[in-house]
Amino acid sequence: MEEELVSVIVPVYNAEAYLREALESLRSQTYTRFEAILVDDGSTDDSASICGKYAAKDNRFRLISQSNQGVSAARNAGIEASTGKWITFLDSDDTLYDDAISRLLSSARRTRSEITIGKLENGTSIDSSNGSGREITLDPSRAIECSLYQKGMVNSVCGILFSRNLLDGENPIRFRKTRYEDLDFGYRVFEQAAAVTLLDHSVYLYRDNPRSFINTWSDSRFDVLDVTDKIVDHMRPGTKRLFKAALDRQFSAHYNILLLMLKNRVNQPGEIRRCLDIIRERRFGEIANPKVRLKNKLGAILSYGGMPMLRLLARLT
């Protein structure tokens, strides 16, 4: 079988602590026909030098340097510079299983899917089985629904193999500037695919970095409110099934941000009101919708206890 070129795009920003481990996981891949596009996004530490050394000793690695523009711009630069038939993403503080590319590509070929999604594991866990290897192929509507309900998928572009044809079609799909770029990207690319396959095999090790964006508070966390509002607007003219899934994702995002604001004592009355309005508007629908996760149903029920209950939940989370 022809060995098709796979492009691995690695956005890099001040990642010297973990970068070598990430790049070594690429060099250890059992599937060797890949190109690694390393996009240094204006790092001020030794990251660019580390990337340069890998590019010098392995011609599959290529370094692109740009001023600091954020992860969306770095990934887009990587897409533009890449030449592979398939594209996947690796964050600079994570690692790939040795057979990640091989497993994803083999599954894509077997199922003729334009998107293949492997399992992400926490970097501190050990999964000796790596999964059953079972494949479930979904149509794009079902894949979007599962993603929005957060069932069987996480909102990440890592551990996923994308056909280049999806990203470079008549209306090219790129990452937009937001701190929740993966959530914003996912549904837009899924709806362009003919088939999406879920592969029950671990391919990606995610590092739970306490200093990462998701584990710290900044006002850029409010971006998820805008992203989920856009998803609701996007799904509104479509099927009732996907619209209800979008409403659930919007509820989940606004609830989570409200609890984070209360926990971190963020004094933003306008944003607190914004979140409360969505929670109060959506909570009955959350309870009534059988597809909503138990976590969201419980949150909806507890929200009837008002701000005292929400403050208590924030302290407990």
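Residues are numbered from 1 along each chain as its sequence is written. Because the model is predicted, local features need pLDDT of at least 70 and side-chain atom pairs count only at pLDDT 80 or more, while totals for chains, interfaces and linings use all residues, and side-chain values use heavy atoms, with hydrogens and water left out. Helices (H or I, at least four residues) and strands (E, at least two) are DSSP runs, numbered from the N terminus.

In helix α1 (residues 19-27), Leu19, Ala22, Leu23, Ser25 and Leu26 are buried. These residues lie on the same side of α1, because they cover an arc of only 150° around the axis; the arc is that of the directions from the helix axis to the C-beta atoms. The buried residues of α1 pack against β1, β2 (34-41), α2 (47-57), β3 (61-66) and β5 (95-96), where contact means heavy atoms within 4.5 Å.

In helix α12 (residues 306-316), the residues Met307, Leu310, Leu313 and Ala314 are buried. Viewed down the axis of α12, the buried residues fall within an arc of 120°, so they line one face of the helix. An α-helix has 3.6 residues a turn, so residues three or four places apart point the same way. Pro308, Arg315 and Leu316, on the other side of α12, are exposed. The cover over the buried residues of α12 includes α9 (240-263), α10 (269-288) and α11 (294-302).

Of these covering elements, α9 and α10 also pack against each other, at an angle of about 135° and with their axes 9 Å apart. This angle makes α9 oblique to α10, since angles under 35 degrees count as roughly parallel, over 145 as roughly antiparallel, 65 to 115 as roughly perpendicular and the rest as oblique. Axes are lines fitted to C-alpha atoms, for helices over the stretch in contact, and angles run from 0 to 180 degrees between N-to-C directions. Residues of α9 that meet α10 include Leu247, Gln250, Phe251, His254 and Leu258; among their counterparts in α10 are Ile272, Cys275, Ile278, Ile279 and Arg282. Glutamine 250 lies in helix α9 and counts as buried at 4% relative accessibility. Apart from neighbours within four places in sequence, glutamine 250 is in contact with Thr228, Asp229, Val232, Ile278 and Arg282.

Salt bridges were assigned where a side-chain nitrogen of Lys or Arg is within 4 Å of a carboxyl oxygen of Asp or Glu. The count by this rule is 28 salt bridges. One of them joins arginine 109 to glutamate 4, with the closest N and O atoms 3.4 Å apart. This pair links distant parts of the chain, 105 residues apart: arginine 109 is in helix α4 (residues 100-111) and glutamate 4 in the segment before β1 (6-12). Arginine 109 is partly exposed, with a relative accessible area of 25%, whereas glutamate 4 counts as buried at 12%. Arginine 103, partly exposed at 37%, forms a salt bridge with aspartate 99, the closest N and O atoms being 3.2 Å apart. Arginine 282 and glutamate 281 form another salt bridge, with the closest N and O atoms 2.9 Å apart. Arginine 282 counts as buried at 15% relative accessibility, and glutamate 281 is exposed at 52%. Elsewhere, salt bridges that share partners join Glu24, Arg27, Asp58 and Arg60 into one network.

Technical notes:
Buried means under 20% relative accessible area, exposed over 50%, partly exposed in between (1.4 Å probe, protein chains only).
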